[in-house]
Amino acid sequence: MSNREEKRWRHNQAAKTMRSMRKEIKRNRKPKRVRRKDWNTYQLHGLDFLEEVDYSQNERVMPRGERERQRANVRLGLELLKREGDQTVVEEVSAVDGAHGQPGTVVEVSRDLCRVELGQRSLVCTLRGSLSAEETGYTNVVAVGDEVIISENKAGQGVVEAVLARRSVLARPDVFRSHLQQVVVANVDQLLIVASWREPHIWLELIDRYLIAAQKYSLLPVICVNKIDLAEDLESCRATLEPYQGLGYQVIFTSALTGNGVGTLREALRRRTSVLAGLSGVGKSSLLATVQPGLQLRVGQVNEQSGEGRHTTTQVVLHRLEMGGCVVDTPGMREFGLSSLRRGELANYYPEIAALATACHFGDCAHIYEPGCAVKAAVQQGQLPASRHNSYQKIYHSLPA
């Protein structure tokens, strides 16, 4: 037998041995379990909810994230019932989510800790290790305004066991992972955009960015222009903001120093959950202290050299208002990125530009360089404020194609 024939014979023998071993394994293998799915129906407060039941716990039945999506829908329905005044539903939310404990509201977040308000008291809590922001698209597990379920031990230490479904968020791109978002605040109704006429100078582009965010996240926007006591010409100040009033936005002119307009601001905040946003130094904390004297807020001065405000509010904090409702004070933001928005979608967030765009020569007109652009013509003819078109162009170039 030649060397080549010997090698072929050995190869065939090895192949026979492997086939024999596979047959033996198949004979000894346990029968494959039949996977059976069904639906459990349960009723809570007159509403029927369905949850898919997997009888084979060793196999994945639903797609990744599907079970959490279904549970989130259940929690959202129950949360709406709770907000209508039924407090007993909270225990049932806990049961559905698999968590048992006390309901509370997150009023402050710091790293891996948060302060949760429980009626008339608050408790510093850690986060249950099983909680994760995976698949949510967000980088933070909890945010100020979140409704949570916590457990408390005998030593008075709290643990967040579950986060209930959010009815709204204000979010921005994560600094290091731009494909993910950071929740600034959850469960608010209204975005109060605070700017100052001077010190620092009013920045219309930032106002427009917040208006886009309010529309994107279905929040009611209100524009507050503070420090009008510094205006050389109050009529010029009002004329600058007139385009926003023409679009139907509420614009409030205030001065925390003189108290001008504070009454109107107080009514806008009454019985609503609002988040305040704007540059450092525009006077957000000063306005809150004027709306409700006694709030423990840090107030700083503007840097005389740069004209910019110093950060006095360093964390997002929720404050209850005696007149009803609550406000969330945020640190001053020198910029506000827009999550998951592309250039071709931007015009939809400028109602006056979207209305003019139908008359553009090109269907995919960017309203910047193209000939036959009805938007640019409207700017030249004074029908569209140049300030709005300028901010549109700046934001357009900052977005991905």
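Two residues are said to be in contact when heavy atoms of theirs lie within 4.5 Å. Please keep in mind as you read that this is a predicted model.

## The nonpolar cores

Let us begin with the inside. The largest nonpolar core has 83 residues. Those with the most contacts inside this core are L170, L191, I207, I223, V225, Y244 and L346. Helix 4 supplies the largest share of the core, eight residues. Another core lies apart from it, with 11 residues that include V106, V116, V148 and I150.

Which residues does V225 touch, leaving aside its neighbours within four places in sequence? They are A195, W197, I202, C237, L241, V251, I252, F253 and T254.

## Helix 4, wrapped by its surroundings

Helix 4 covers residues 204-216. From its first C-alpha to its last, this 13-residue helix reaches 18 Å, close to the 18 Å expected at 1.5 Å a residue.

Why does helix 4 count as largely enclosed by the rest of the structure? Because 11 of its 13 residues are buried. The buried residues are L204, E205, L206, I207, D208, R209, Y210, L211, I212, A213 and A214. An α-helix has 3.6 residues a turn, so residues three or four places apart point the same way. In helix 4, the cover over the buried residues includes strand 8 (169-173), strand 10 (190-196), strand 11 (220-226), helix 5 (234-246), strand 13 (273-277) and helix 10.

## Aromatic pairs

The structure holds three aromatic pairs. One of them joins Y210 and F336, with ring centres 4.8 Å apart and 40° between the planes, a tilted arrangement. Y210 belongs to helix 4 and F336 to the loop between strand 15 (326-329) and helix 8 (351-357), so this pair ties together parts that are 126 residues apart in sequence. Y210 counts as buried because its relative accessibility is 1%, and F336 is buried because its value is also 1%.

Another pair is made by Y350 and Y392. Their ring centres are 5.5 Å apart and their planes stand at 90°, so the pair is edge-to-face. This pair, too, links distant parts of the chain: Y350 sits in the loop between strand 15 and helix 8, while Y392 is in helix 10 (residues 386-398), 42 residues apart. Y350 is buried, because its relative accessibility is 1%, and Y392 is buried with a relative accessible area of 1%. Together with Y396, Y350 and Y392 form one aromatic cluster.

## Cysteines

How many disulfides does a search of the whole structure find? The search finds zero. C365 is in no disulfide, and the nearest cysteine sulfur, that of C373, is 3.7 Å away. A disulfide would need the two sulfur atoms within 2.5 Å, so the cut-off explains this result. C365 is itself buried, with a relative accessible area of 10%.

Notes
Residues numbered from 1 in each chain as written. Predicted model: local features only at pLDDT ≥ 70, side-chain atom pairs only at ≥ 80, totals over all residues. Heavy atoms only, no water. Phe/Tyr/Trp six-rings, centres within 6.5 Å; stacked < 30°, edge-to-face > 60°. Helix = DSSP H or I, 4+ residues; strand = E, 2+ residues; numbered from the N terminus. Buried < 20%, exposed > 50% of the residue type's maximum accessible area, 1.4 Å probe, protein only. Core = buried A, V, L, I, M, F, W, Y, C linked by side-chain atoms within 4.5 Å. Expected span 1.5 Å × (residues − 1).
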